[in-house]
Amino acid sequence: YSIAVFGLPVWKHFENIEIEQLHNLNVHIAYPEYINYESDEVKKFVKNFVKKFKGYPSNYSFQGFDVTYFYLNMLKNYGYHFASYLPDASLTSLQTFNDYQKIGIGSGYENKSVFILKYEDYELIPKFTGNPR
């Protein structure tokens with residue numbers, strides 16, 4: 001039978017399961033972020049980070065850059081009332097993408113984006129990016 005197993009992000013850190021088993025089970029993992037170290041933007045960020053801080057950026061470094069870049073650009077483009085423009089935002093980030101949707105009347109917005117990563121060639125690669133609705 002052909003099956004696919006979908007798991008949680010914590011599965012990426014399991015040390016008691018061989019990666020070959022994850023391949024054989026066709027494991028997919030939903031993940032809120034993914035860093036493509038082959039992209040030109042990520043390579044440029046890493047190069048500048050290493051030059052300035054004399055060390056390699058952590059996931060928090062990428063996250064901090066993405067959040068700062070996104071919200072400062074929203075503030076610059078739309079002013080203090082940028083929240084109502086979140087669903088229209090199309091800024092490229094290093095490890096995430098944005099798909100903001102209103103979550104209820106009188107409520108704020110929630111980022112509904114997700115990456116579906118699959119074990120292939122002994123690494124996790126993105127198979128789907130978007131809103132899983």
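I began at the residue just after α3, where Gly79 takes a positive phi of about 75 degrees. I note that the model I am reading is predicted.

**Entry 1. The whole chain.** I looked up the secondary structure and found three helices and six strands in the protein. Along the sequence I read the pattern β-α-β-α-α-β-β-β-β. I then fitted a box along the principal axes; the C-alpha atoms fill roughly 55 × 45 × 20 Å. Of the 133 residues in the protein, 29% are buried. I also looked at contacts with a separation of 6 or more, and 41% of them join residues 24 or more positions apart.

**Entry 2. Helix α3.** I checked the length of α3, which runs over residues 59–78. At the N-terminal end of α3 I recorded Ser58 as the cap. A side-chain oxygen of Ser58 lies 3.2 Å from the backbone nitrogen of Tyr60.

I next asked which residues of α3 are buried. I listed Ser61, Phe62, Asp66, Phe70, Asn73 and Met74. Looking for what covers these buried residues, I found that the cover includes α2 (40–53) and β3 (100–102).

**Entry 3. Gln95.** I located Gln95 in the loop between α3 and β3. Is Gln95 buried or exposed? I find a relative accessible area of 3% for Gln95; buried means under 20%, so Gln95 is buried. I then looked up the contacts of Gln95, leaving aside neighbours within four places in sequence. The partners are Pro32, Glu33, Tyr34, Ile35, Asn59, Phe62, Gln63, Asp66 and Phe115.

**Entry 4. The largest pocket.** I recorded about 330 Å³ of space in the largest pocket. Its lining comprises 14 residues, and the closest to its centre are Lys12, Tyr34, Ile35, Tyr37 and Leu124. I note that Tyr34 and Ile35 are also in contact with Gln95. I asked which element gives the most to the lining. I found that strand β6 (residues 123–130) does, with three residues. By residue class, I divided the lining into seven nonpolar, three polar and four charged residues.

Terms used:
Residues are numbered from 1 along each chain as its sequence is written. This is a predicted model: local features need pLDDT of at least 70, side-chain atom pairs count only at pLDDT 80 or more; totals for chains, interfaces and linings use all residues. Side-chain values use heavy atoms; hydrogens and water are left out. Helices (H or I, at least four residues) and strands (E, at least two) are DSSP runs, numbered from the N terminus. The expected span of a helix is 1.5 Å times one less than its number of residues. Buried means under 20% relative accessible area, exposed over 50%, partly exposed in between (1.4 Å probe, protein chains only). Contact means heavy atoms within 4.5 Å. A polar contact is a pair of N or O atoms within 3.5 Å; within protein, one must be able to donate a hydrogen and the other to accept it, and residues adjacent in sequence count only if both atoms are side-chain atoms. On a 1 Å grid over the protein atoms alone, a cavity is a set of points where a 1.4 Å probe fits but cannot get out, and a pocket is an open set with protein on both sides within 12 Å along at least five of seven lines; lining residues have an atom within 4 Å of a point. Grid points are joined across faces, edges and corners, and a volume is the space filled by probe spheres set on the points. Ala, Val, Leu, Ile, Met, Phe, Trp, Tyr, Cys and Pro count as nonpolar, Asp, Glu, Lys and Arg as charged, and the others, Gly among them, as polar.
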